[in-house]
Amino acid sequence: MLKKTIIFIILISQAFCTYSQNKLSGRITDAKGGEALAFVNIIYNSSNQGTTSDLDGYFHINSKEKIEFLKISYLGYQAKTVSQNEITKKSYIEISLDQDAYQLDEVTILPGINPAHRIINAVIENSDKNNPEKMRSFSYISYNKMYFTIDTRDIERFSKDTVPTDSVANDTIKPKKTMMEFFDEQHLFITESVAERKFKYPDNNQEDVLAHKMSGLKTPAFTLLTSQFQSFSFYKDFINLLDKKYLSPISKGSTNKYFFLIEDTMYNEAADTIFIISYRPLKGKNFEGLQGVLHVNSHGYAIQNVNAKPYEPTGAFNINIQQKYDLIDSVQWFPVQLNTDLVMNILQIGENSAAVTTGGTSSNYLPLVGIGKSYISDISLNPDYKRREFSQIGVVVSDGAAKKDSVFWSTYRKDTLTAKDKRTYKVIDSIGKEANLDRAMDVVDIIAAGYIPIKFVNLDPTSLLWYNQYEGYRTGLSLATNHKMLKWMSIGGYVGYGFRDKALKYGGSLEFILDKKATTRLKLGYKQDLEFSDEHHFYNDIARISLQSTRDFFLSEMDSIQLFYGSFKFSALRYLQADLRFDYQNKNIINPDRYSFHEAFPLHYCTSEVGLYVRYAYKEKFLQTPKGNLLSMGTKHPVIYANIIKGIEYLDGEYDYLKLEAKISKKFAFRHIGDSYLTLSGAYLDGHIPYGEMYYGTGSYSWLNIDNSFNTMRINEFISDRFASVYFRHDFGSLLFKTPKWQPKIVIVSAAGWGDNTRITNSDNTDFAKTMNKGYFESGIQLNQILKMSFNGFGLGVYYRYGPYSRTKEIENWAFKLNLTFVL
């Protein structure tokens, strides 16, 4: 028995040794900075069998045959071979690669068929089958982690510079550390979240944030999810990176736009072929494209790994994404790991301090780098979901998401937090407590809604200082109580004073919040103020602070009003928002010369109105902030606005009339020629009504471009009781013209309008009472982002007025304007 036992142990030992030589794990990193390298090609025997590292640089080999060697290759790095002696008796190995001065050289396209095209075309043919967002439904849990730091490979030149340490945490003053020491020990900022996503074809989508935490804040002010930085699926025609669209290398016809090169080929244990194909835009092709590497698995010709970044960096932000797909249940290829590297050139750490600067280009500054990783688990294919299970809120923060314990987090974290991660939480949390960052982020959250919170009241920043040509500079104060005083009611009031008209304006309101989501509200109010003669509006169509609101700057004709109003806002249908209003108004005409053509025009009158104002945005989604505010994520469908307003002879109301007003706007995205924007608006007035309640066209003749307006039309130039307008804008981006250092955006614009006034005769049709029943036309061109500074782009626009209402002096048909845009 003893002999048998010894023989058995020997056999087991030999088997174990043989088995261990067929299994190997390891990690591949950058030799200089130590960063993990994702999707490194690893071939481990002469039959070209291989695997790739994951997003964290780890790899696992479980071979049926003895591992003979490791042949490591990665685009941009020097190849390396690890001999059998180096891995013998090892189950884990660390491998570092040195960067290579690798550039994609210009390639001469020779006659014949590019062999990579067959593979890429097969990927395109199978894209619907392999695209997870073409499935009937799915769900998954994602663990998301993102931290911000400095690229330590470029930090040596700052070794003598200092940054603050955790003196706040210990309430003692410690010597400042060098920048190298600081970032060796911790990150600047870290955030984590766990989210559950549910999807039902074609576009029912919802993410529930189950947990989130953020260094420096007890209650995170926002949640960073992978979907906010990159497209979840690489199979779309356009890939979104930071809200900018890039033509996908696997979109239809991509072989006419991109150059593809087979860099390598290997085989996995299932005998599938893995094609490693690099791609970049073809020389001479002008479009927003990507460059990177695709790993294509011959099993269904599906993408297994993706590496992508913009071919031409934007300057403000540079982004690089990586995606890893697995075959789930032997049925569906599905993303399981996603990575985002974000270089924020616009936010940089200075040489002599840790202060953040914007737009610094000195060699004494280093950009912030954001590293985001997402791990997808608990994937369920084709679960049975009903449409009613999906709400309009695309991202929902669950109650208690900021209070999850360590047991919950350890369940979803792929790895435990590193020493750097833990120190970042410790130090930044202490700084956040000392600096009261939670309160500061409360301010940021409510500013998104248009207000600044000051304890239990919200301040409207536009009330502090504003300008128009009638009042000149207007200063004042507008306050309303917030949820810290009463959750179910808000009391508001304002006062304003114009330095040119030397008049005081004021008002007050009482608002009742009737549901938990604050979508149903009843508001009663009063104001004594000024109003532009064409003050028709739609349901929340213009942001409080926006370029369209700057049209106020150029208004010179205003009337005095005393207004009593009641407003009941509610959501009638899934995508319909409504406002039922009653207005009683006393109006005094300040400049009677404006209507001198009509002798019977009253200089003072009263109106009573009942109106229904609606907004319908099909499939619009909202993001719920941790504080409960809803931010629109937009919709690809038209947005429709409509007003029905009835004037009644009630409470001294003197006029009986009906107003019908409507507006529709839509964005059209084209694959190769940019984006078009179309807005249609119109109104119809029936009944007797003073001229002060009619429509005056949307003229904006000034030095500043205002979209969806007539840039060559003078303000108050036309008067109508019915009108129709169309505004068209096509943005070519940089498709028509760009150089390596200068990439202005070219936009063509055109607008047309028609209006009539049944109360004006031909004899009345003067400069004070013109109709535009012959049609008003203008066109122009914009050269945007000629100059870019931080987040702002400055451009120029030229517009020309033509047709029946062109002016006698040719120069008066032209408008030359400054154009402001937001730049990423």
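Q: Which strand supplies the largest share of the nonpolar patch?
A: This is a predicted model, so local features need pLDDT of at least 70 and side-chain atom pairs count only at pLDDT 80 or more, while totals for chains, interfaces and linings use all residues. Residues are numbered from 1 along each chain as its sequence is written, and side-chain values use heavy atoms, leaving out hydrogens and water. Strands here are DSSP E runs of at least two residues, and helices are H or I runs of at least four, both numbered from the N terminus. β27 (472–481) and β29 (503–513) each bring at least two residues to the patch, but the largest share, three residues, comes from β27.

Q: How much accessible area does the nonpolar patch have?
A: Such a patch joins nonpolar side chains (Val, Leu, Ile, Met, Phe, Trp, Tyr) within 5 Å, or like charges within 9 Å, using residues with over 30% relative accessible area and no salt bridge. A salt bridge would be a Lys or Arg side-chain nitrogen within 4 Å of an Asp or Glu carboxyl oxygen. Areas come from the Shrake-Rupley method with a 1.4 Å probe, and for residues only the protein chains shown count as cover. The members, including L464, Y473 and F499, together have about 840 Å².

Q: Is L504 buried or exposed?
A: L504 sits in strand β29. Buried means under 20% relative accessible area, exposed over 50%, and partly exposed in between (1.4 Å probe, protein chains only). At 52%, L504 is therefore exposed.

Q: What is the relative accessible area of Q337?
A: Look for Q337 in strand β20 (residues 332–349). Beyond its neighbours within four places in sequence, Q337 is in contact (heavy atoms within 4.5 Å) with residues including D54, Y375 and K414. Q337 is buried, because its relative accessible area is 8%.

Q: Which residue of β4 is the bridge partner of R27?
A: Strands of a sheet pair through backbone hydrogen bonds, either parallel or antiparallel. Here three strands make an open sheet with mixed pairing, in the order β4-β1-β7, and β4 (58–62) and β7 (92–97) are the edge strands, each pairing on one side only. β1 (residues 23–30) and β4 run antiparallel, joined by five bridges; DSSP must find at least two bridges for two strands to pair. In β4, the partner of R27 is Y58.

Q: What percentage of the residues of the protein count as buried?
A: The protein has nine helices and 43 strands. Of its 824 residues, the buried part comes to 48%.
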